[in-house]
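This briefing is meant for a reader who is meeting the structure for the first time. Please keep the sequence and the model in view while reading the points below.

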Amino acid sequence: MTARYLDMKTKITLSDFTELQEQLKGKIYFDNSTEHNAIKVLYATDASVYQEKPIAVAIPKDDTDIQRLVKFARKHQVTLIPRSAGTSLAGQVVGKGIVVDTSKYFNNVLEINPEEKWARIQPGIIRDDLNAMLKPMGLMFGPETSTASRAMIGGMVGNNSCGLHSIVWGDTRDNLLEAQVILSDGTEAHFKDLTKDEFYKKAQLQGVEGAIYREIHKLLHNPFNQDAIEKAYPKKALTRRNTGYALDLLNDNELFVEGSIKAFNFCKLLAGSEGTLAFITEVKLKLIPLPPKEAGLVCIHCTSIMDSLYANIIALKHQPMASELVDKYILDFTKGHHEYHKNRFFIEGDPQAILMVEFMADSQEEITLKANALIDELKEAGHGYAYPIIRGEDTKPAWDVRKAGLGLIRNLPGDTQPVNLIEDCAVLPEDLPAYITELQELLAKHQVNASYYAHAGAGELHVEPMINLKTLEGKELFRTILQETAVLVKKYGGSLSGEHGDGRLRGEFIGYMMGTKVFDLIHEVKKVFDPLNIFNAGKIVNTPPMNESLRYEAGKTTAEIKTIFDFSRQEGILRLSEKCSGSGDCRKSEITGGTMCPSFMATRLEKDTTRARANVLRQFLTQDTSEATKGNVQTKGRKGGDEVKHVLDLCLSCKGCKSECPSKVDVAKMKAEFLQHYYDANGVPFRTKVIANFTQSQALAIKVPSIYNFIVKNPVTSALVKKVLGFAPERSLPTVGKTTLRDWQINRLKTQEKREKNSFYSKLPLPSKTASRRPKKGKVYLFCDEFTNYNDVKLGQTAILLLTSLGYEVHIPKHLESGRTYLSKGLVREAQQIAIKNVQLLSEAIQDNCPIIGIEPSAILTLRDEYLELVPPSLLSDAERIADNTYLIDEFLAQEMDKKRITSDMFTQEKQLIKLHGHCHQKALSSLTATKKILSLPQNYEVQLIPSGCCGMAGSFGYEAEHYNVSMKIGELVLFPTIRKQEESVIIAAPGTSCRHQIKDGTGRIALHPVEILWNALKD
Ligand SMILES: Cc1cc2nc3c(=O)[nH]c(=O)nc-3n(C[C@H](O)[C@H](O)[C@H](O)COP(=O)(O)OP(=O)(O)OC[C@H]3O[C@@H](n4cnc5c(N)ncnc54)[C@H](O)[C@@H]3O)c2cc1C
């Protein structure tokens, strides 16, 4: 019987991999089952333009696993692709091999020596997380990429990364002291500073380790080679030099240069070798003291890019910590951006470019002196037109605009998009004006626009040309522009890669940049380290053509897909999925914070990132089938629907990505749309129906509240209910009130009416706080959402009493439920019917221009978000008017505070500390500012935000048995531990019903809605 090869080239069989899996402590995904295939699909890309499905994906647990993988790779002649966060821009972690992801298990800090200022760590530690750990010791690891919130040390070493402050803190190579690696023969080696004697001892070793010392010595000891290397590399003063292997830096030590005191260290070569020479399992990093506390950013507003480049040369004379450029292209994308618009506070007029020059010092006076000296010189030289100085905390949001540059420009509409191609070229800063002038001419010749930003101070501008890679012409242009730019860079003695590396993008041109002789030496080095080519084949050396295996198949048109949601603002569901550039902002941990992406924060698996979800969807949607043109996303013609569903499974639809992803990749919306199509083709599961029809079940339950509440509270019956529904046994089920909020309000109004008409009723007591107040501030409509109507009835009553007490006339208009339960389960078509009906009903109600306010964020915000994309064009203007008039109750009260219609003197003077956890949808679509503001209304109330992301419950997600553990893990990241630390007297505030439920299940503490807190604080 012939073996079934999983890969024809390597001839690896299923049983080979099965055997390997048995030997590994970690996991390997290799076969074509839904789970395995899904994982392979999402590891087909990084942050570059490349896409190639790997043969397998391994998640090793320890060094022994890596050694086993090396052994397997040697035996089967397959390549291993080391990977950490996968944010490489030149396709470094894309290829037909086994991707080895170290981000899950190789994230331990092994040793920190504050006295000697070094840390020994594993490669899967995120750079910013490491620095958060080091901060209390007054130390930090210097090199920082714009991706520092998720990029990992292994990848930083691989690419020799650096960033904003590289002119002072250097690159990763400068800060790498030692490395523990596994070599291509499976043996371990340790690279560190070696004296001559130590070097020669190493050269006597057996195996690959001995060979590399002997062969590299032979290669570098040759005066012809030394001379060639001397001439081939960029100008000596250029610090950004990542093209090829750093042979020039090895050349420069006591072994080869007479009188040199520099020790030999292979770490210099390892840094920037992109996983092609050895597998790193541990590194020792140099640490530096934290910079001075005070920072100041001079934001030089320029009338042209050229103006900013001359300003940069002047700025560098003033020894800043950083000098970075942001051009108008990027600045314009911050306009109206949910997350970044607020960061525009420092922008004056309409600059073509802003050069951000940072100074740090012990005092602001010192910064002012330095800044003023620079500004004076710039004015004298006629560069710039405005020079605001941003200080302290305000520097972060300004820097965030610069760091989000690449993600922001991905918001460009259409298929012509910025591409990473010549973004990494570096020349000396004084050569930048001439080089950029010529580059602009080159691009103009090809009629290509570009964005210019980033590390002007280091001579490296990220130039992002806009090219349509979906066309054959675009694919050719992609090559031509790099080829012609290489000529320019060489002319200025620059480096084709300054920090992002060569990967499979620039490898093709290293020979041209360095000359054949040195390129041959580079090949020789690779051969000595890795004779069988088992480490990241096809990167730096022997790269495939740079315009092959691109994400988009040039010349292919993909059929438009008929969707239920209106995706026109995102130019269709496919374009929305394509917006994901792979920048991996969704891979930040809870230490950096934010909401996106809760499931990744809990599992630390690539599968559970926003990026993975966008990736599988994009690859699924780009399948060109004749069936697809018939309109259904999930129909017979398309393969891989199960894979997509598998990858979407842990998406909590928190909408964190809608606001926090710089490219606004709204996965919650795409997930809902996809699920509807999937269910159309495969049927709706029972549990999904039950959850979606929550309103109907609760409407029945509330007819017999005592019986229903007994069933859901009694351990035996509730266990049965949970079992039948597939809910986690540990969860408590929600109970219903004695009456619906709507009925209670009708009765209340009737009683009120009677009171006004009949003296008998007027003698009945009213809730004390309403007794003295009469409505006088106008009418408000309360959206009686399904959760408040049936379950949180008391909260609804409190909200009505609070509003009434504060002088508002509360009406509950006629409307249906919000549709949230249908949306969260992907039954979009039913949600659409509800949206249409509600818009029709509410448009009558809001004729008189009075606000519609809601208590539960996930429900009320549906009117501002999904409804606008669900109703037909004929109802759109009504839906927009409703959206404009819709407020969270917190927002409404805050506005009334601003108008001085609600004042502090109405509330208690008592002292109270409140810890506030925000609802994800509120954070994504509004903010917590209003909630904080209203809770601070009582004079002596202090409100502190809990730095939590999503609580982990997310509607029904946390109830579902298979999601329970992840749900609780999310809660345990920040929310639960913070709450557990609070004294009993501290009030926990949470506007979301799911969040309050999760807090109770996770910590036993009762969290209150802000209206309950205000009601309790309202004076009698
Ligand atoms: C929006 C954006 C902005 C960026 N800004 C910057 C910037 O300012 N400065 C900068 O330098 N870069 C920048 N980059 C590029 C990228 O983020 C950095 O190169 C980053 O350090 C890569 O880290 P990673 O964990 O994602 O590595 P990966 O992409 O996973 O890997 C990088 C390389 O290291 C190798 N590698 C990983 N782990 C190991 C290991 N254990 N052993 C051997 N080799 C290994 C891989 O094979 C690969 O070749 C940016 C990227 C994006 C998308």
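How do the residues of the lining of the second largest cavity divide into nonpolar, polar and charged? They divide into four nonpolar, three polar and eight charged, where Ala, Val, Leu, Ile, Met, Phe, Trp, Tyr, Cys and Pro count as nonpolar, Asp, Glu, Lys and Arg as charged, and the others, Gly among them, as polar.

This is a predicted model, in which local features need pLDDT of at least 70 and side-chain atom pairs count only at pLDDT 80 or more, whereas totals for chains, interfaces and linings use all residues. Residues are numbered from 1 along each chain as its sequence is written, and side-chain values use heavy atoms, with hydrogens and water left out.

**Cavities**

- A search of the whole structure finds eight cavities of 30 Å³ or more; a cavity is a set of points, on a 1 Å grid over the protein atoms alone, where a 1.4 Å probe fits but cannot get out, and lining residues have an atom within 4 Å of a point.
- Grid points are joined across faces, edges and corners, and a volume is the space filled by probe spheres set on the points.
- The largest cavity, with a volume of about 260 Å³, is lined by 24 residues, and those nearest its centre are Arg410, Gln417, Pro418, Tyr552 and Glu578.
- Two or more residues of this lining come from each of strand E18 (417–418) and helix H21 (573–578); helices (H or I, at least four residues) and strands (E, at least two) are DSSP runs, numbered from the N terminus.
- By class, the lining of the largest cavity holds ten nonpolar, six polar and eight charged residues.
- The second largest cavity has a volume of about 130 Å³, and of the 15 residues that line it, Lys655, Ala668, Lys669, Arg820 and Glu866 are the closest to its centre.
- At least two residues of the lining of the second largest cavity are supplied by each of helix H26 (667–682), helix H36 (820–825) and helix H39 (866–870).

**The parallel sheet**

- Four strands form an open sheet with parallel pairing, in the order E22-E21-E23-E24; two strands pair if DSSP finds at least two bridges between them.
- Strand E22 (809–811) and strand E24 (886–888) stand at the edges, each with a single partner strand, so one side of each is left without a neighbour in the sheet.
- The twist from one strand to the next averages 35°, where angles run from 0 to 180 degrees between N-to-C directions and axes are lines fitted to C-alpha atoms, for helices over the stretch in contact.
- Strand E21 (residues 779–783) and strand E23 (residues 852–854) run parallel and are joined by three bridges, with Tyr781 standing opposite Ile852 in E23.
- Helix H38 (residues 857–864) packs on this sheet and touches E21, E23 and E24, its direction making about 155° with that of E24; contact means heavy atoms within 4.5 Å.

**The antiparallel sheet**

- Another open sheet has four strands in the order E15-E16-E14-E17, and its pairing is antiparallel.
- Its edge strands, E15 (322–327) and E17 (389–391), each pair on one side only.
- Strand E14 (residues 294–302) and strand E16 (residues 353–361) pair in the antiparallel sense over nine bridges, and the bridge partner of Gly296 in E16 is Phe359.
- Helix H12 (residues 305–317) lies across E14, E15 and E16 and runs at about 15° to E16, while helix H14 (residues 364–381) lies across E14, E16 and E17 and runs at about 20° to E14.

**Hairpin and helix pair**

- Strand E7 (residues 109–113) and strand E8 (residues 118–121) run antiparallel and are joined by four bridges, one partner of Asn113 being Trp118 in E8.
- E7 and E8 form a hairpin with four residues between them, and Lys117 in the turn has a positive phi of about 55°.
- The axes of helix H31 (residues 741–757) and helix H35 (residues 793–805) come within 9 Å and cross at roughly 40°.
- Where H31 meets H35, the residues include Trp744 and Arg748 in H31 and Ile800 and Leu801 in H35, and the residues of this contact divide into five nonpolar, four polar and one charged.

**Backbone details**

- The peptide bond from Met596 to Cys597 is cis, with omega near 0°, and Cys597 lies in the loop between H21 and helix H22 (598–603).
- Asn542, a residue other than glycine, has a positive phi near 50° and is placed in the loop between helix H20 (516–529) and H21.

Definitions and conventions:
1 Å grid on protein atoms, 1.4 Å probe; cavity = no way out; pocket = protein on both sides within 12 Å on 5 of 7 lines; lining within 4 Å.
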